[in-house]
Amino acid sequence: IDLDESILPEDNLDFVNSVCPCAGLSQLNTSQDRSTRDSQNVWMMKTSKLVLEQLRPKVYWGENAPALYTKSGNSVREQLKQIAEDNGYSFSIYRTSTFKHGIPQKRLRTFYFFWDSKNAPIMNWYDREHDNLIDYLGKIPGSSKQQDLYNINNIFEKFPSYTFLLEKYGFSHKDFIGEFGSGPAHSIHQFIVRNELIDECLEWLTTHNPEHKEVRKFEHIKNKLSMGKSFLDHSPAFYNSCTNAIVGRTLQMIMHPTQPRGMSHREIMHLMGLPSDFNLQTKRLNDVAQNVPTCTARDMTYEVIKYLHGELEDSGFSNYRQDNIKTTSGEL
């Protein structure tokens with residue numbers, strides 16, 4: 001791809017930011033052939049080459065899947081490192097999670113950086129305090145729109161197994177999540193399986209709602225488990241302090257921690273750090289999950305600006321890695 005020279009800046013840009021498709025990398029195995037065939041991974045290489053060869057900013061950086069930091073992302077990293085070397089840049093990756101940047105969401109991601117220097121800089125560690133989930137949601141202004149649209153409706157009608165759990169433990173919705181929302185099971189069906197309540201739940205369901213599809217669902221779960229297999233879980237998720245990544249079931253089926261309902265579109269946007277006056281222009285809630293939480297992107301931008309101002313130390317390595325979860329670093 002060649003850019004029209006008339007649109008190229010006369011001076012080097014300070015930085016260019018990219019959010020490339022990450023699905024390809026998340027499906028990556030260690031095979032070099034598979035990664036180069038994957039069109040979404042190739043897109044990351046093509047954009048890096050285009051920006052570094054033709055725009056030549058002082059910094060080019062982007063966000064991608066957690067696997068970019070792990071062994072399974074090795075072939076992609078090697079290609080990015082070669083692109084950096086070919087264009088006179090150093091390269092680094094930085095693994096972090098949203099809860100380290102001020103929002104109660106465990107969203108693990110990897111950021112990658114091309115620096116116009118011989119060696120990559122040492123970026124700062126982040127461990128910002130964050131409210132628990134209940135308090136964080138409570139900060140949404142009452143005037144914000146899209147608070148009457150929900151990711152899940154009629155929880156008790158669609159999942160009578162949740163009524164079974166509340167009756168068994170004698171809890172309200174708020175008390176149940178307060179008691180179990182930080183445990184190892186973060187969904188209704190997982191909780192029933194982990195606590196060996198399938199038979200008891202089935203007996204309750206056949207007594208109270210024998211025609212409900214959950215009867216067949218739990219019979220299916222029993223059969224899968226008897227064969228040593230796992231099962232697809234489409235039941236509501238629950239958390240009381242910090243959510244898992246707002247994608248998949250967590251996005252579509254997470255319940256409010258104190259009110260017996262799903263989460264509003266506004267609450268989901270709030271968990272991504274979107275401003276309270278920003279309104280989703282589509283009914284596709286998944287569009288929200290396709291973004292980088294604003295708090296994480298902000299802190300990465302801060303590091304780029306510090307580099308531009310000469311405020312970051314030299315790592316001594318042309319290729320460098322940092323893990324903000326474990327606060328470890330070293331040559332890549």
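Helices (H or I, at least four residues) and strands (E, at least two) are taken here as DSSP runs, numbered from the N terminus. What you see is a predicted model, in which local features need pLDDT of at least 70 and side-chain atom pairs count only at pLDDT 80 or more, while totals for chains, interfaces and linings use all residues. Residues are numbered from 1 along each chain as its sequence is written, and side-chain values use heavy atoms, with hydrogens and water left out.

Let me start with F15, which lies in strand β1, residues 15–19. F15 is partly exposed, at a relative accessible area of 32%, where buried means under 20%, exposed over 50%, and partly exposed in between (1.4 Å probe, protein chains only).

Next, F114, which belongs to strand β5, residues 108–115, and which counts as buried because its relative accessibility is 0%. Beyond its neighbours within four places in sequence, F114 is in contact with S48, L52, K58, V59, Y60, L80, A84, Y89, S90 and F91, contact meaning heavy atoms within 4.5 Å.

Finally, which residues are buried in helix α8? In α8, residues 173–180, they are H173, F176, I177 and F180. They cover an arc of only 90° around the axis, so they sit on the same side of α8; the arc is that of the directions from the helix axis to the C-beta atoms. The buried residues of α8 pack against α7 (160–169) and α9 (188–194).
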